[in-house]
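Here is a friendly briefing on charged side-chain pairs. Have a look at the structure first, and then let's go through the pairs together.

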Amino acid sequence: NFVAIIPARVGSMELKDKNVVKIKKHPLISYSIEAAKKSKFIKKVFVTTDGKKIAKISKVYGADIIKRPKSLSGNVIMPDASVVHAINYIEKNININFENVVFLQPTSPLRNHSDIDNAIKLFNKNKADSLFSSVDIHPFMWKIKKNKISPLNWNYKNRTRRQDTEKNVIENGSIYITNKNVFKKYKSRLGGKIVTYIMDNWSIFEIDNKKDLGIISSLLSSKLIKSNKIIIPKK
């Protein structure tokens, strides 16, 4: 009872046409569509967008399209609002039963269908209301406030070995899973009982600018990373 929703708006502050920029001959958004399509738990893959070009490309790669209203398309609007709109649209207009939403950000393509499936298994096993993917890099974190710096999660006067520190995970923005009623209630991807699915450290990279694009292109070309082979569905 899972559907995937991929929000992809027009416009980008640093990288033009970010969601459809080509990586290894395929548009960025196709990597998220393909990972969701190959998941054995996801019934349907939706892209919610305000862009005709994004919609056309997403449809070619096998996603269903939900038109995102202009009121939810500005660069200060969190994508959570567009996912709530998409949930309501699916319930009203599409004959499909679903209980949970797999929310995938197209700018975080360093995941494959096995990551999604393992995250869903963890979500089900823990009877969770929501899940986020993360990395555990044992960070020694500092905060900067009014030009003053201070440790956030450790004591620099009593430094310990990195592997002996408490586990502090960081959201990598790759996978979010949320019960649809929880999403609608809180209008947020996280709520209720929250669990995390820990991924490999390199999955923390996401695309915001040209430099990120180069890094992720290299990672997707690496033999160390098992990325999905992109296949355009036959009509």
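Asp208 is partly exposed, at a relative accessible area of 32% (partly exposed lies between buried, under 20%, and exposed, over 50%, with a 1.4 Å probe and protein chains only). This is a predicted model, where local features need pLDDT of at least 70, side-chain atom pairs count only at pLDDT 80 or more, and totals for chains, interfaces and linings use all residues. Residues are numbered from 1 along each chain as its sequence is written, and side-chain values use heavy atoms, leaving out hydrogens and water.

**Overall count**
- The whole structure holds 8 salt bridges (a side-chain nitrogen of Lys or Arg within 4 Å of a carboxyl oxygen of Asp or Glu).

**Asp208 and Lys18**
- A salt bridge joins the side chains of Asp208 and Lys18, at 3.6 Å from N to O.
- The two sit 190 residues apart, with Asp208 in the loop between β11 (194-198) and α6 (210-221) and Lys18 in the loop between β1 (2-7) and β2 (22-23); helices (H or I, at least four residues) and strands (E, at least two) are DSSP runs numbered from the N terminus.
- Lys18 is buried, with a relative accessible area of 16%.

**Asp64 and Lys44**
- Asp64 and Lys44 form a salt bridge at 3.8 Å, N to O.
- Asp64 is partly exposed at 31%, and Lys44 is partly exposed at 31%.
- Elsewhere, salt bridges with shared partners connect Glu34, Lys37 and Lys38 in one network.
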